[in-house]
Amino acid sequence: MFYSVFRNYIGTGFGLVNCLPVCLSRGAPFMSPWLTWLTPAIPLLLPWLVRDGSGMVQATVCSRWDRSVGLDDRGLSQEGEVVIGGLIPFHNLPPAPDLSFSQPPDLQACVNFQEEPLQWAHALVFAVDEINRNPFLLPGVRLGYRILDSCNQHPWSLRGALSLVSGGNIRCETTEISKLKSHPSSDCPVPLVIGDASSTQTIILARTLGPLSVPVISYQASCGCLSDRQEFPNFFRTIPSDVYQALTMARLTWLLGWTWVGAIAVDNDYGRLAIQVFEEEIRGTGVCLAFFETLNRANLVRDVKRAADTVQASTARVILVFLWYTDMGALLLELGRRNVTDRQFLASEAWSTSGQLLRNPALFNVAQGVVGVAIRSAPIPGFEAHLRSLNPSRRPGDVLLKELWETVFGCSPGAAHGHGTSLLPSPLPPTPSVSLPHTPPPTSSSPRPLLASCSGAETLEGVQSPFTDTSQLRITYNVYLAVYAAAHALHSLLSCPQRHSPTWGSSFTCSLPYNISSAELLQHLNQVNFTTPLGEPFYFRGADVPAVYDLVNWQATPQGLLKLVTIGRVDGSNLLINQSAIQWNTGTNTVPVSVCSDSCPPGTRVARKKGEPVCCFDCISCSEGEVSNTTGSLQCDRCPLEFWSNSHRTACVPRQLEFLSFNDVMGVTLTTVAVCGAVATVAVFVFFVYHRHTPLVRANNSELSFLLLLSLKLCFLCSLVFIGRPSVWACRIRQAAFGVIFVLCLSCLLVKTIVVLAAFRSARPGAGQLMRCFGPVQQRGSVFLFTSVQVIICAVWLSMSPPLPYRDLGLKGSKVILECEVGSVVGFSLVLGYIGLLASLCLLLAFLARKLPDNFNEAKLITFSMLIFCAVWISFVPAYISSPGKYADAVEIFAILASSFGLLLCIFAPKCYIILLRPERNTKKHMMSK
């Protein structure tokens, strides 16, 4: 609506309301001494007739385009050939609405005066004065300004902008009736506007003034949306975009280890877009938002309570806040009332340097330790002297300076100094015949208290207040830069190669001060590139300036107040921060912790909770063979094959080699049993040698018996080859020795069984030649023949695919099984198969000879021994296959020892019993008897 009204005003020269001063003759008794503002349905133009000194009759007609009275008086202005417009929120609260409905609604003056914005305005004034004194910048052109109150509300901001670009909301025309000449009387339209402070108001201004190509340079509107040159081609700013601020805050949360962060933002483009950028930046970094609350100034009390409830209930200890400082003050007071003092706040630039909050003792406990991103600070030489030199006695019409005096000194300078003329042009020109008293601006719903008159000796020298504090000029410096950017653009627009040539001002790049085109000025603003008075380069990247921030910290002082301390700086993508200089909300230098779940320690991994944010998780120990050596690991890494995880699952350690050694219990036990078996065999051998001439020893083929005892001894000893660290030769020898020695033992038994059968068969008629054909030579040859077959098998096996040491890494565990791989399965099977063949044949023959008549039939003993032998080795096969690692070797050793003891005991124990305990049976007579 404002835009359409403004276009209508620009096109016709008339506004919404016409002002009509009615003056009658001087002697008329009913003459009205003041102006009467009428609002007819159609414009009424009634001339204001005045006769000048020459007798000419003049008619003055004034028109007003809105009903707001006094709003244009609450500001600062200075005449100039080129006037810069400014919008600054001197007051931040609108007046209470008039609910009497006795008059049409209109905008009234705002309330709640602020000192800091007045300092911003005087930065503009100071910069204009500097430029006017500079012989090299805009030489010969006097720069002026008009600064209005934007009230930090869009109706006031937009109305002020339209007033600036149109030359004011009052237009008066004086006409000489005799000559019919018209002389318009109004303020000059400004070619550009510096403002506003809020992003929302600035968006409205940029969209409204965009079609008119009027440049808007903001000093505090940081919404990232304003960087869009397609939507806002006429917008510029001297503050970095919120995109960089949000990126900086995201980097801070990641740097300080905060993964569970709450967010509170103002319910407009500034707050919502900043949080949106923050969320996009933290995506995938393990940082997530615990909650997001918005505050609307129209419902501030209700929204503050809701946000405080959320903060109090949340487990997040770090809160990211994008609010205006007045709104943040209300939130901090509510949290302080609830004694919620253990939250760490991350502040945006809108409140991170607020002196009003820092000086409030009620916020000491809740706001201590605030870390914030602040607009960079820079000095302005001579600015403090300018501020302290201000005095209402020298600027009697400055209503803002009067409010400052009332705020700082608590007295009214008006009575002491009288009423002076306003710095702004008078809304109607004075005439000789009519006195036009100033119409006072409408007051708010609560009238200001009457103050005592000032003495006139008050001065700002030595006064410490937000207005005079120039220790950290942030937004003030942005205003200062905006004026210089505008001045350099004007300088570029007004510059000509030959200033005094006849064609000066006729080209596109050269204009006259009274004929400046906003569209041309906009083009020159895009090309601005200059060095500031501090020697720093300044230029626009589209709408933005390079991102430079200060990092600040609110630290406690012994006086119970908070002070602002700079702890770092952000320059583009470089973030420098001194963490040791930070004082956190706990009052210490220990970084507070804000996590949904504690970081998983080394040795564990993160397990996401279904339906929960990524910051909320469980910690699960790594499986065996897997490790994680970092905190918060998302997965466990498997160790290399030669390594295994330690007990804490934090590192991979070399696997221990496992084999059947002589040092472990099993190895010692088997070794002891094997040695005992060998010793027992030797003892029997010696015993038989000693009793070799007895009938019992001679009757059982003593030569084969001694050979059998020797082979049994070797059987016991070959089991020791299976104990110890496997090597190439050990693996080859153990299987070959086992196969050959057992075949030798079985060959002896087989030949002894054959001898028994042959002896009894030869006793039959016609069978005498049988024993002669199977005499001692044939017996020894048979044993050699049977054994040679096994020797050949083993030789072929060892030559083609011998057993070799093998590291078994397939079993899960911290050990590597070192064993002998059989090599050729066929060869190993042939060795065992040949042993089984001889054992089966021996068992069969012994079984057939078990009932032959004799007092001592050795075939019975061989039968029993073969039964034990076959039972052991039949059980050996499945046990060997299912036993892992060293236990397979132990099974094979057990089978060797068990079968060897079975042969030794079953065959030689009865003989030893008779020789020792039943000597009467060890006679030839007894042996021959049936």
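Which residues in α3 meet which residues in α4? I began my notebook with that one.

**Ground rules.** I am working with a predicted model, where local features need pLDDT of at least 70 and side-chain atom pairs count only at pLDDT 80 or more, while totals for chains, interfaces and linings use all residues. Residues are numbered from 1 along each chain as its sequence is written, and side-chain values use heavy atoms, with hydrogens and water left out.

**Entry 1: α3 and α4.** I found His154, Ser157, Leu158, Ala161, Leu162 and Val165 on the α3 side, meeting Gln201, Ile204, Leu205, Thr208 and Leu209 of α4. Contact here means heavy atoms within 4.5 Å. Sorted by class, this contact has 7 nonpolar, 4 polar and no charged residues. For that sorting, Ala, Val, Leu, Ile, Met, Phe, Trp, Tyr, Cys and Pro count as nonpolar, Asp, Glu, Lys and Arg as charged, and the others, Gly among them, as polar.

I then looked up the geometry. Helix α3 covers residues 154–166 and helix α4 residues 199–209; they pack at about 35 degrees, with axes 9 Å apart. The axes are lines fitted to C-alpha atoms over the stretch in contact, and angles run from 0 to 180 degrees between N-to-C directions. The crossing of α3 past α4 is right-handed, meaning that the near helix is turned clockwise from the far one by less than a right angle.

Entry 2: Which backbone angle of Cys151 has a positive value? Phi of Cys151 is near 65 degrees, and Asn152 also has a positive phi, about 60 degrees, without being a glycine. Most residues other than glycine have a negative phi. I placed Cys151 in the loop between β9 (143–149) and α3, and Asn152 also lies between β9 and α3. Cys151 counts as buried because its relative accessibility is 0%, and Asn152 is buried at 6%. Buried is under 20% relative accessible area, exposed over 50%, and partly exposed in between (1.4 Å probe, protein chains only).

**Entry 3: either side of α4.** The peptide bond from Gly195 to Asp196 is cis, with omega near 0 degrees. Asp196 sits in the loop between β12 (193–194) and α4. Val214 belongs to the loop between α4 and β13, and is buried with a relative accessible area of 5%. Leaving out residues up to four places away in sequence, Val214 touches Val165, Pro191, Leu192, Val193, Leu209, Asn234 and Ser518.

**Entry 4: helix α15.** Ser518 turned up again among the buried residues of α15 (residues 518–526), with Glu520, Leu521, Leu522, His524 and Leu525. Their cover includes β13 (216–218), β14 (235–237) and α14.

**Entry 5: the whole protein.** I noted 25 helices and 33 strands, taken as DSSP runs numbered from the N terminus (helices H or I, at least four residues; strands E, at least two). Of the 930 residues, 51% are buried.
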